[in-house]
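This report describes selected features of a predicted model. Please consult the sequence and the structure while reading the sections below.

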Amino acid sequence: FGKSEGGAIWLDAAKTTPTAFYQFWVTTDDASVEDLLKIYTLLPKENIDLVLEQHAENRGQRYAQKVLAAEVTRLIHGEKALETARLVTECLTGERSLHDAKNVINDLKKEIPSIAVQSEGSLLEALVSTGLATSNGDARRLLANTAISCNGQKVTLESMPADLFVDNLALLRRGKAFKDSALLELR
């Protein structure tokens, strides 16, 4: 899939991680999900109809997309890779805390920028170093507009107090997109 190599997903886990593969399917648009369930999964028609019914009840939960992502990821990468992909995605979307995901931190680092920082260091520098902000001025603007969250909590401070970290880790997010995230590790 994808029109260019840079936007393509691959079956080879060395070219597209199982988590990126899973997230590709989760972000499928509503108009395509029914056809993709029929083409790329081994689910019987009755099951697909039930999935689509449940999806129609609350499209915002992306139920059909999650079923599609799970089924295709399981077929290509196996059950263990699927569980890791789900856990990493739940961390990136704020559905799960880093505390619950200690065993997938290395997988998380494959998906988003990760840097080592010092307690009481500059959050502005961390935002710029991870690419979440283009400059210190951009970082200040993002903080002032409460566009940055740390471990699920909005932050406005320019420094990083130790209480921002959970088990010496902090997950920064800019806005709501799970790819606009970075992992900070306390030295």
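## Helix H2

In helix H2, which spans residues 30–40, the buried residues are Val33, Leu36 and Leu37. These residues lie on the same side of H2 because they cover an arc of only 105 degrees around the axis. Among the elements that cover the buried residues of H2 are helix H1 (18–26), helix H3 (45–57) and helix H4 (63–77).

The face turned away from this buried side carries Ala31 and Ile39, which are exposed. At the start of H2, the backbone nitrogen of alanine 31 has a side-chain oxygen of aspartate 29 within 3.1 Å.

## Threonine 73 in helix H4

Helix H4 contains threonine 73. This residue counts as buried because its relative accessible area is 0%, and the cut-off for buried is under 20%. Leaving out residues up to four places away in sequence, threonine 73 touches Pro18, Phe21, Tyr22, Gly78 and Leu82.

## The nonpolar cores

The largest nonpolar core comprises 23 residues, and those with the most contacts inside it are Leu123, Leu127, Met160, Phe165, Leu172 and Leu184. At least two residues of this core come from each of strand S1 (114–117), helix H7 (123–129), helix H8 (136–144), strand S2 (148–150), strand S4 (169–174) and strand S5 (181–186). Helix H7 gives the most, with four residues.

Leucine 184 is in contact with Ile115, Val117, Ala126, Thr130, Met160, Phe165, Asn168, Leu169, Ala170 and Leu172, when its neighbours within four places in sequence are set aside. A second, separate core has 20 residues, including Ile9, Phe21, Tyr22 and Leu43.

Conventions
Residues numbered from 1 in each chain as written. Predicted model: local features only at pLDDT ≥ 70, side-chain atom pairs only at ≥ 80, totals over all residues. Heavy atoms only, no water. Buried < 20%, exposed > 50% of the residue type's maximum accessible area, 1.4 Å probe, protein only. Arc of directions from axis to C-beta. Contact = heavy atoms within 4.5 Å. Polar contact = N/O pair within 3.5 Å; in protein donor to acceptor, adjacent residues only side chain to side chain. Core = buried A, V, L, I, M, F, W, Y, C linked by side-chain atoms within 4.5 Å.
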